[in-house]
Amino acid sequence: MSMVNPRDLLLKQLAELLWIERTLFFEVLPAVHDAAHAPALQTLVTEHRTETRTHCVRVEEAMRAAGAEPASAASPPLATLKEQHDSEAGQITHPVLRDVFQCAGAVRTEHYELACYAAAIGLAQTLGLDKAVRLLAQNRGEDAAALEGIEQVAATLRGEL
Ligand SMILES: [Fe+2]
Ligand SMILES: [Fe+2]
């Protein structure tokens with residue numbers, strides 16, 4: 001897909017975000033939940049998975065608000081993070097250390113999501129796409145709150161090491 005204007009770039013960013021949110025919902029968050037040992041981490045992951053389902057819907061709506069049919073496109077950075085995470089996960093047997101490792105992966109992912117949302121919200125603002133801005137800002141707010149929650153759980157778990 002060639003990009004000749006801000007809308008093209010926004011749609012490309014939203015396609016990546018849609019892939020990220022779907023991959024988190026269908027693959028990553030269920031795997032993290034199953035791997036988690038601490039009930040607090042499991043609860044957090046369950047809650048954020050529900051939010052992530054809504055994030056997919058909001059990104060789809062934002063694409064429609066920009067006049068396009070929702071379509072996703074693979075995110076090489078997230079795919080690489082996931083690959084590295086999966087290959088290292090099996091090397092940790094200590095349950096608390098495993099949870100700290102899972103939290104670190106979640107923190108990286110949320111930071112990447114936040115960076116992607118910041119870029120897309122900026123472009124949507126430039127284009128005057130108020131509905132898209134509102135939808136994307138809701139996602140960004142929930143991802144920021146999730147990041148805070150994970151960091152709190154991680155701090156508690158580190159104290160148990
Ligand atoms: Fe999200
Ligand atoms: Fe998230």
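Author: The model is predicted, with local features requiring pLDDT of at least 70, side-chain atom pairs counting only at pLDDT 80 or more, and totals for chains, interfaces and linings using all residues. Residues are numbered from 1 along each chain as its sequence is written, while chains are lettered from A and ligands numbered from 1 in the order in which they are written.

Reader: What makes up the secondary structure of the protein chain?

Author: The protein chain has five helices and zero strands, in the order α-α-α-α-α from the N terminus. Here helices (H or I, at least four residues) and strands (E, at least two) are DSSP runs, numbered from the N terminus.

Reader: Why is the protein chain called as compact as a globular protein of that length?

Author: The radius of gyration, taken over C-alpha atoms, is compared with a globule rule of 2.2 Å times the number of residues to the power 0.38. For 161 residues the rule gives 15 Å, and the chain has 16 Å, which is close, so the description holds. The C-alpha trace spans about 50 × 25 × 20 Å along its principal axes.

Reader: Why are H1 and H2 called roughly antiparallel?

Author: Axes are lines fitted to C-alpha atoms, for helices over the stretch in contact, and angles run from 0 to 180 degrees between N-to-C directions. Angles under 35 degrees count as roughly parallel, over 145 as roughly antiparallel, 65 to 115 as roughly perpendicular and the rest as oblique. The axes of H1 (residues 6–35) and H2 cross at roughly 155° and come within 9 Å; H1 and H2 are therefore roughly antiparallel.

Reader: Which angle do H2 and H5 make, and how far apart are their axes?

Author: H2 (residues 39–65) and H5 (residues 130–159) pack at about 165°, with axes 9 Å apart, and are therefore roughly antiparallel. The contact includes Leu44 and His48 of H2 and Leu135 and Asn139 of H5. Its residues comprise eleven nonpolar, five polar and five charged.

Reader: What is the arrangement of H3 and H4?

Author: H3 (residues 76–89) and H4 pack at about 180°, with axes 11 Å apart, which makes H3 roughly antiparallel to H4. Among the residues that meet are Leu81 and His85 in H3 and Phe101 and Tyr112 in H4.

Reader: How do you know that the length of H4 agrees with its number of residues?

Author: The expected span is 1.5 Å times one less than the number of residues. The 32 residues of H4 (residues 95–126) should therefore span 46 Å, and the end C-alpha atoms are 47 Å apart, which agrees. Glycine 128 follows H4, with a positive phi near 70°.

Technical notes:
Contact = placed C-beta atoms within 7 Å. Nonpolar A, V, L, I, M, F, W, Y, C, P; charged D, E, K, R; others polar.
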